[in-house]
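Please view the structure first.

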Amino acid sequence: MKSNLMNYLREYRNKSFKEHPFSEVDALLLSNLSYLKMDGIVPGFERGGTIGFAELLSYPAAEHLFSDPVYGEDYRKIIALMSGSRRYGKLRFGYFTQYHDADRETQFAAVTFFLGVTSVFLSFRGTDETLVGWKEDFNMTFMKNIPSQIDAVRYLEAAADKLPDISELRVGGHSKGGNLAIYSSLKCRPDIQDRIVSIYN
């Protein structure tokens, strides 16, 4: 999968979204980026604001982004291509939220990518390497709702409320993150549903 993403990046990195409209592969790329270790780097709801590639990569703790033991180096290559591209170079990151709660048996992370003046992509992380994350996956097989699904609705509504001028909400995620994207889009308020233009699982 990573090699196909790299090929797509190389082919379309210098085409704007107007020249080559936002696609399922763009959604997959941004869904994958939600796995970056952004804690302490990308602003959350409390801090507010956004951060671009230049600030992200020059941050003193930037190496933490790529600390995933399995995919860290793949993410480093993807970021290198995206950050210097015409297509993604102005992308901004914000509203990063992450927590693990053993008592609630939940693992949750999400980030909002600002694509332009009127468009964002809300990306939900799937299962990470933690035991609580895997336990939550098993819980999904027999529980009507898992805590992450409820938290995903809250995240989507909070982000949308912070961005009243954004008319195009794209929502997506990989693996469990895709489930959270669908669930939150189905369960959020109708006025927010009216602004959702696409959902990617």
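A residue is called buried under 20% relative accessible area, exposed over 50%, and partly exposed in between, with a 1.4 Å probe and protein chains only. At 37% relative accessibility, Ala61 therefore counts as partly exposed. Ala61 lies in the loop between α3 (53–58) and α4 (72–83).

The model is predicted: local features need pLDDT of at least 70, side-chain atom pairs count only at pLDDT 80 or more, and totals for chains, interfaces and linings use all residues. Residues are numbered from 1 along each chain as its sequence is written, and side-chain values use heavy atoms, without hydrogens and water.

Helices (H or I, at least four residues) and strands (E, at least two) are DSSP runs numbered from the N terminus; two strands pair if DSSP finds at least two bridges between them. Six strands form an open sheet in the order β1-β2-β3-β4-β5-β6, and the pairing is mixed. β1 (50–52) and β6 (196–200) each have a single partner strand, so one side of each lacks a neighbour in the sheet. Neighbouring strands are turned by 25° against each other on average, direction ignored.

β2 (residues 92–101) and β3 (residues 106–114) are antiparallel and share eight bridges. Arg92 has Phe114 in β3 as its bridge partner.

Axes are lines fitted to C-alpha atoms, for helices over the stretch in contact, and angles run from 0 to 180 degrees between N-to-C directions.

| Helix | Strands touched | Angle |
|---|---|---|
| α6 (residues 147–162) | β2, β3, β4 (119–124), β5 (168–173), β6 | about 25° with β3 |
| α7 (residues 176–187) | β3, β4, β5, β6 | about 140° with β5 |

Notes: Contact = heavy atoms within 4.5 Å.
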